[in-house]
Amino acid sequence: MFGYIIRRILAVIPVMTIVAIFVFLLLRLTPGDPAAIIAGDMATPAQLERIRTNLGLNDPLHEQFVTWIGLLLQGDFGTSLISNTPVSSMIGQRIWPTFNIAVLTILLSVLIAVPMGVLAAWRHRTWADYAVMAFSVLGFSIPVFVIGYIFIQVFSIELKWLPVQGYKAPSEGFWAFLSRAILPCLTLATIYVALIARMTRASMLEVLGEDYIRTARAKGVSEKIVLFRHALSNAAVPIMTIIGTGFALLIGGVVVTESVFNIPGIGRLTVDAVLARDYPVIQAMILLTSAIYVFINLVIDLSYTFFDPRIRY
Amino acid sequence: MLHEGMLKFRSRARGAITGAMAAMLLAGTGLSTEALAQEKTITAVMHSGLRVLDPIITTAHISRNHGYMIYDVLVAVDENFQPQPQMADWTISDDKLTYTFTLRDGLKFHDGAPVTSKDVVASLNRWAKRDSGGQLIMDVTESLEASDDKTIVWKLTDPFPALLDTIGKQSAIPPFIMPERVASGSADEAVTEYIGSGPFVFVEEEYQPGVSVTYRKFEDYVPREGEPSWMAGGKEVKVDEVKWVTMPDAQTAINALMSGEIDYIEQVQIDLLPLLEASEDVVVETRDELGYQTIGRMNFKHPPFDNKKVRQAAMMALSQEDVLATLIGNPDYYKVCGAIFGCGTPLADDAGSETLTSGGDIEGAKKLLEESGYDGTPIVLMQPTDVVSLTAQPVVAAQAMRNAGFNVDMQAMDWQTLVTRRASQSKPEDGGWNIFFTNWMVPEVNNPLISPMLNGRGDNAWFGWPEDEKVEELRAEFIAADTPEKQKEVAAKIQAHNMDEVLYIPLGQYIMPQARSTKLTGLIESPVPVFWSVDKEQ
């Protein structure tokens, strides 16, 4: 087991190195000039050139790369070319809203979707199954911003129960945080509930057809124990995968939801940085997002060994 | 047994995960809002997020607006286009070669230091390196010195009657006054200390680039006497705090205003206005009657627009009404205007704009194009797809030009790609371009010294690089014009010259409505949204 974990962790190094090189080169091949954004409409070519020189954009590519990697290895993401702010502090400001919304969304989704999926599988080809499937299709089919606008119209504009937009940290008051987090989490959860419920249903259907389930039932084991202890733990591997990748996607930033609910998360930070060609921010964001994916994949892989001991060998 | 162990482990793991998540949810920073509950805070959604904090290094409007919050200016032009004293009064010598400015009493920077003439000299010098008007003044500057703590003496080699108008202008780069230690840095490197002497203090610890920025009232600010008028007059702050927030989604901003979560939206999309107009708690209004001028600019370096007749043919094909109707839609918010200096300004003159303002002349354009010898060279027309106010013009223009016989190659790209590509002097087929469209605030084009399109200095001119000695002569004539009448006379010649040479195509004027909560009162008329004089009912 220990060797397996070490091997998986070591595999992260080449992946991240390739990502770093790829991101750096790709950005330099993309048309666009941060100096033009900074200087604005009236800049002369000479002024643009001086700004580029000041920003180090005229240095040879390999020098820029070495400088960036050198700083990165010291834990320094550099400074935003546009706002002159340390990238790490920008990420520090933006990561918490995204992270908190992601955690709540996944918790909410799992709490709703897993029982829904189990129910659909247990009551296969009954109205309950059809209802779950119908909800899943709807959850996938309606664009997330439409769901967001509907929630805002109903809960914020008509009923006036919740704020339209914004984000408050939990330290500013739990209700202040929760009241602003509920709608974006519910909006995102419609997709993830659909996704996780479908996966749970499919996985459970497969397991419920196994001999050991029939044996357990024949032995008189209660249906609750059969479903949640025997079947669900054996159906967990694909469900964990979908939950993990869903969480990684959320952490990567769900930019439409962040825009609709005005959440200052890392999705918006990334899009803004791309539009402004703010290289240090884009590089840091892609690296960070990749690292999150790699880490979550690692956790998922390790969780497989927890649910299915055969995998560790 | 194994199963039982696993369940126990899972139960422990669940506890640990739940605890960790709770801890993480409680992490993050934030100040208690209780202490601030009784304060008056205006929450405003501005047209874009603030990212560049140095208003001298950039021409971005949001940075300029930020500049007016925290910095003050020596001189400011009022709503009658007249320069008025702001930080300083002045005298002009009889030979018009020496301007002596005297700082008024009580000026302080936000760190408590008094504003001195050395700060002003350093700030003006840095500004003049970035601003085209400033560069013109520096061309005739003999010396700019601080003669004592409160006096600045600016000596010229030749008269420059528009000096006060230039240093008092509100856009694109106003000469904001910074402490000498800040302003003495490079003009091509952004400042990193944001200390001004203006009516608001920048709250650095609450700043989130592109997300929000907070300004506190500067308690030691002493407003000038008199009513506010544009950027001139008394800047009396009546609230404790102004918070600018960025909302990328226009619908969200509107919902937030209607629900009372925000107090003000700087620019409302015209097609969303009916939503706001239905609300009793919201006022939709315009406080800038000049608005914006939308324009087309051609590349003079490469065929076919190096040929005057081809440029004229393209302009003749275009109709301002068609462009504006597609861009804005609601005629209440746009006007056909053939004046390159903007309708409603002292220099406005619409000579030569007849085809543009009367719906275009496709047949005339076809004829001119035939005479020009245009050989069907593809016209690379750049279309930005990510800026709402710039996506319609290229589409309308491309169709009109096709109707006239042009072979138009419309290329879609994001605005950032466009601004990089428009700086390229390569041939259009090698990554260059032939024509693009943009918008200016009217105060950025309302005289020939500041309008970038009227610079005829070839490679040193604005993108498109016309070499036009005549327009340079006319600009020199404008600089020498010492009365408003003479200036207007020269401006009319420049208008006629522009429409003949087609240095650029003015495509009309439009205004952007603002929206505010009925709780806000006292907002002044101004092209720059400002927050002095504004009060908020609690």
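Let's start with what covers the buried residues of helix H10 of chain B: the cover includes strand S13 (292-298), strand S14 (334-335), helix H11 (354-357), helix H13 (392-404) and strand S18 (505-510) of chain B. Covering here goes by contact, meaning heavy atoms within 4.5 Å. Helices (H or I, at least four residues) and strands (E, at least two) are DSSP runs, numbered from the N terminus.

Some ground rules. This is a predicted model, where local features need pLDDT of at least 70 and side-chain atom pairs count only at pLDDT 80 or more, while totals for chains, interfaces and linings use all residues. Residues are numbered from 1 along each chain as its sequence is written, chains are lettered from A and ligands numbered from 1 in the order in which they are written, and side-chain values use heavy atoms, with hydrogens and water left out.

Back to H10(B), residues 320-327. Which of its residues are buried? They are Gln320(B), Val323(B), Leu324(B) and Leu327(B). Buried means under 20% relative accessible area, exposed over 50%, partly exposed in between (1.4 Å probe, protein chains only). Seen down the axis of H10(B), the buried residues fall within an arc of 90°, so they line one face of the helix. That arc is taken over the directions from the helix axis to the C-beta atoms. Why one face? An α-helix has 3.6 residues a turn, so residues three or four places apart point the same way. Just after H10(B), Gly329(B) takes a positive phi of about 90°.

Next, a helix pair in chain B. The axes of H3(B) (residues 117-130) and H4(B) (residues 132-139) come within 6 Å and cross at roughly 110°. Axes are lines fitted to C-alpha atoms, for helices over the stretch in contact, and angles run from 0 to 180 degrees between N-to-C directions. The two helices are therefore roughly perpendicular, a label for 65 to 115 degrees; under 35 is roughly parallel, over 145 roughly antiparallel, and the rest oblique. In H3(B), residues including Leu124(B) and Trp127(B) take part in the contact; in H4(B), Ile137(B) and Met138(B) are among them.

Now chain A. It has 15 helices and zero strands. Its C-alpha atoms fill a box of roughly 85 × 55 × 35 Å, taken along the principal axes. Of its 313 residues, 50% count as buried.

Ser203(A) sits in helix H9 (residues 174-208) of chain A. Buried or exposed? Ser203(A) counts as buried, because its relative accessibility is 7%. Leaving aside neighbours within four places in sequence, Ser203(A) is in contact with Ala235(A), Pro238(A) and Ile239(A).
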